[in-house]
Amino acid sequence: MDILVYPILISALATLAVVEFRVLPQWFYALPFAKRKPFSCMTCFAFWLGVILTLPTCQWYLAPVLGLASSATAIIIREWTFK
C-alpha cells in the first residue's frame, strides 16, 4: 500500500514546486515548450508526472488512476496552502 502513496505525493509536491512556486531557473520557463501544456497547467503536469513515476514502481494499468490521484492531491495541497 505504501508503494502507491509515494508516487502520488512525490508528483504532487514536484508539481507544486515546478508550476506554482517556479523553482526551476527562469530560462526554463522562457523555453517555447514550457509555455504549453503540460508544463503550464498544474493538473496536467501532475497527471503526467504521476503517470511517469508510477510506471516503474507499479503495474501499467494503475498509472492513469494514480496520475489522477496525484493531480487531485496537488490541487488539495495548493488549496490548503493558500487558504
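**View 1. Pro 25 in the loop between H1 and helix H2 of the predicted model.** In this predicted model, Pro 25 sits in the loop that runs between H1 and helix H2 (26–30). Its relative accessibility is 39%, so Pro 25 counts as partly exposed. Leu 55 lies 30 residues from Pro 25 along the chain, and the C-alpha atoms of the two are separated by 28 Å.

**View 2. Phe 28 and its contacts.** Phe 28 belongs to helix H2. With a relative accessibility of 15%, Phe 28 counts as buried, because the cut-off for that class is under 20%. When neighbours within four places in sequence are left aside, Phe 28 is in contact with Phe 33, Ala 34 and Phe 39. Ser 70 is 42 residues from Phe 28 in sequence, and the C-alpha to C-alpha separation of this pair is 23 Å.

View 3. Cys 44 has a relative accessible area of 22% and is partly exposed. Its contacts, apart from neighbours within four places in sequence, are with Lys 37 and Pro 38. Thr 15 is 29 residues away from Cys 44 along the chain, and the C-alpha atoms of the two are separated by 9.4 Å.

**View 4. The crossing of H1 and H3.** The axes of H1 and helix H3 (residues 42–54) come within 9 Å and cross at roughly 140°. H1 and H3 are therefore oblique to each other. The crossing in which H1 passes H3 is right-handed. On the H1 side the contact is made by Pro 7, Ile 10, Ser 11, Ala 14, Thr 15, Leu 16, Val 18, Val 19 and Glu 20. On the H3 side it is made by Met 42, Phe 45, Ala 46, Leu 49, Gly 50, Leu 53 and Thr 54. Sorted by class, the contact of H1 with H3 has eleven nonpolar, four polar and one charged residues.

**View 5. The crossing of H1 and H4.** Helix H1 (residues 2–20) and helix H4 (residues 63–81) have axes that come within 8 Å and cross at roughly 50°. That angle makes H1 oblique to H4. H1 passes H4 in a crossing that is right-handed. From H1, the residues making the contact are Leu 4, Ile 8, Leu 9, Ser 11, Ala 12, Leu 13, Leu 16 and Glu 20. From H4, they are Leu 66, Ala 69, Ser 70, Thr 73, Ala 74, Ile 77 and Arg 78. The contact of H1 with H4 comprises ten nonpolar, three polar and two charged residues.

**View 6. The packing of H3 and H4.** H3 and H4 pack with their axes 7 Å apart, at an angle of about 135°. This makes H3 oblique to H4. Their crossing is right-handed. H3 supplies Met 42, Thr 43, Ala 46, Phe 47, Gly 50, Val 51 and Thr 54. These meet Ala 63, Pro 64, Leu 66, Gly 67, Leu 68, Ser 70, Ser 71, Ala 74, Ile 75 and Arg 78 in H4. The residues of the contact of H3 with H4 fall into ten nonpolar, six polar and one charged.

**View 7. The salt bridges of Arg 78.** Two salt bridges are found in a search of the whole structure. One of them joins Glu 20 to Arg 78, with the closest N and O atoms 3.9 Å apart. This pair links distant parts of the chain, Glu 20 being in helix H1 and Arg 78 in helix H4, 58 residues apart. Arg 78 also meets Glu 79 in a salt bridge between their side chains, at 3.5 Å from N to O. As for accessibility, Glu 20 is partly exposed, with a relative accessible area of 31%. Arg 78 is partly exposed at 25%, and Glu 79 counts as partly exposed at 45% relative accessibility.

Methods:
Residues numbered from 1 in each chain as written. Predicted model: local features only at pLDDT ≥ 70, side-chain atom pairs only at ≥ 80, totals over all residues. Heavy atoms only, no water. Axes fitted to C-alpha atoms, helices over the stretch in contact; angles between N-to-C directions. Helix = DSSP H or I, 4+ residues; strand = E, 2+ residues; numbered from the N terminus. Parallel < 35°, antiparallel > 145°, perpendicular 65-115°, else oblique. Left-handed = near helix turned anticlockwise from the far one by under 90°. Contact = heavy atoms within 4.5 Å. Nonpolar A, V, L, I, M, F, W, Y, C, P; charged D, E, K, R; others polar. Salt bridge = Lys/Arg side-chain N within 4 Å of Asp/Glu carboxyl O. Buried < 20%, exposed > 50% of the residue type's maximum accessible area, 1.4 Å probe, protein only.
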